[in-house]
Amino acid sequence: MAERTVEDRLREQYFSLLPDIRRVAWQLETEIRFHTLSTLHKLKHYEKLVIKPRIKECESAIQALRRRQEGGTFDQEKPENYSLLRLPDLAGVRVLVFPRSILNEVDFALHSHFSLWTPDPVPDGMGGALAQKHIGHCAAVSSEIQAEYQIVPMLIGLYWQVEHSAIYKPAPNVKALRDKADSEPLERLNANVVRALLEFEAEYERNLKD
Amino acid sequence: MKKDILREADYRYNFDRDIYFNRKAKKAFSLEFVDDKPEEELERRIRESTNSAGWTFYFNSTPPEGVKRELERVLG
């Protein structure tokens, strides 16, 4: 009989955790919806606040854990070294906002409620934060499973959905992208897109104030 | 920048394993190693000759034999 790999063991762990992961995602989504209600109710017609729960899929969780190892490789002789509970985002919620000025208001409202969660902002490469991210536990549901919530400018968040599935995720398997995903032109173009989206939002908000 | 040093020395980035590698030199640097070590050390490691016929891995923590074998298989 073939020996069980680290991946096999992690698949088993994933499905034993899945009911709790679902409960954590529901709990987090519900709490976030509740604590952003006051913002939601006063949105102007052009403003947006979208809340999207997410459960990490089994293979995605295993690959994420593998990539957290130095060299992105499991030591098959030490299966006891690995646990999906080390992942910070088995369950998550993404809050998309437009325009960006709402981001601080939402972040403040949620941070007041999730004050024990650890902030882990996504850097914008210019000393600021592109998006806010917080990691912690929904203690009422599970003290083991870590979850994260993100507050992301909507234009950036929607771009990430395309960019991540087109470049980041297939890169390991698509030959044409495998060694090029980190290439200078793609990196530069990606930075240009992000900058353009941020500038669009900034200009839009300036026009509103005028 | 460290990235430029590696690029100029013909190191490519393996996105899946987060390592910089050069098949001709048979050397691989983990992202953690590149992040943590100063540029001078990186340049020195790129220049240094290795007597081994196999791959040399520059990691912060010495990789176990099983991990080395798997990476050698992946890097070809």
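**Figure 1. An open four-stranded sheet in chain B of the predicted model.** In this predicted model, 4 strands of chain B form an open sheet in the order β1-β2-β3-β4, with mixed pairing. The edges of the sheet are β1 (12–14) and β4 (56–58) of chain B, each of which pairs on one side only. From one strand to the next, the twist averages 25 degrees. As a general point, strands of a sheet pair through backbone hydrogen bonds, in either a parallel or an antiparallel manner.

**Figure 2. Pairing of β1(B) with β2(B) and the hairpin they form.** The strands β1(B) and β2(B) run antiparallel and are joined by 3 bridges. Within this pairing, B:Y13 has B:Y20 of β2(B) as its bridge partner. The hairpin of β1(B) and β2(B) has 4 residues between the strands, and B:D18 in this hairpin adopts a positive phi near 55 degrees.

**Figure 3. Pairing of β2(B) with β3(B) and the hairpin residue B:K26.** Strand β2 (residues 19–22) of chain B is connected by 4 bridges to strand β3 (residues 27–30) of chain B, and the two run antiparallel. Opposite B:F21 stands B:A28 of β3(B). The hairpin of β2(B) and β3(B) likewise has 4 residues between the strands. B:K26 is located in the loop between β2 and β3 of chain B. Its phi is near 55 degrees, a positive value in a residue other than glycine. B:K26 has 16 other C-beta atoms within 10 Å and is therefore partly exposed, since a residue counts as buried at 20 or more and as exposed at 12 or fewer.

Figure 4. B:D10 is placed in the loop between α1 (2–8) and β1 of chain B. The phi of B:D10 is near 65 degrees, which is positive although the residue is not glycine. B:D10 counts as exposed because it has 12 C-beta neighbours inside 10 Å.

**Figure 5. The two sides of helix α4 of chain B.** In helix α4 (residues 65–75) of chain B, the buried residues are B:V67, B:K68 and B:L71. These residues lie on the same side of α4(B), because they cover an arc of only 100 degrees around the axis. The other side of α4(B) carries the exposed residues B:E65 and B:R73. Among the elements that cover the buried residues of α4(B) are β3 and β4 of chain B, which also take part in the sheet of Figure 1. Just after α4(B), B:G76 has a positive phi of about 75 degrees.

Figure 6. The largest nonpolar core contains 35 residues, and A:V24, A:L28, A:A91, A:V95 and A:V97 have the most contacts inside it. Two or more residues each come from α1 (6–35), α3 (58–67), β2 (91–98), α4 (101–113), β6 (146–153) and α5 (154–168) of chain A. The greatest contribution is that of α1(A), with 8 residues. Soluble globular proteins in general tend to bury nonpolar side chains together.

**Figure 7. Surroundings of A:A91 in the largest core.** A:A91 is one of the residues with the most contacts inside the core. When residues up to four places away in sequence are not counted, A:A91 touches A:I21, A:V24, A:A25, A:L28, A:I55, A:I145 and A:A147.

Figure 8. A:F98 and A:P99 are joined by a cis peptide bond, with omega about -5 degrees. A:P99 occurs in the loop between β2 and α4 of chain A.

**Figure 9. A:Y159 and its contacts.** A:Y159 is part of helix α5 of chain A. It counts as partly exposed because it has 17 C-beta neighbours inside 10 Å. Apart from neighbours within four places in sequence, A:Y159 is in contact with A:V193 and A:L197. The C-alpha atom of A:Y159 is separated by 9.8 Å from that of A:N190, which is 31 residues apart from A:Y159 along the chain.

**Figure 10. The interface between chain A and chain B.** At this interface, 14 residues of chain A make contact with 19 residues of chain B. The side of chain A that touches chain B comprises 3 nonpolar, 4 polar and 7 charged residues.

How values were computed: Residues are numbered from 1 along each chain as its sequence is written. Chains are lettered from A and ligands numbered from 1 in the order in which they are written. This is a predicted model: local features need pLDDT of at least 70, side-chain atom pairs count only at pLDDT 80 or more; totals for chains, interfaces and linings use all residues. Two residues are in contact if their C-beta atoms, placed from the backbone, lie within 7 Å. Ala, Val, Leu, Ile, Met, Phe, Trp, Tyr, Cys and Pro count as nonpolar, Asp, Glu, Lys and Arg as charged, and the others, Gly among them, as polar. A nonpolar core is a set of buried Ala, Val, Leu, Ile, Met, Phe, Trp, Tyr and Cys residues joined through C-beta atoms within 7 Å. Two strands pair if DSSP finds at least two bridges between them. Axes are lines fitted to C-alpha atoms, for helices over the stretch in contact, and angles run from 0 to 180 degrees between N-to-C directions. The arc is that of the directions from the helix axis to the C-beta atoms.
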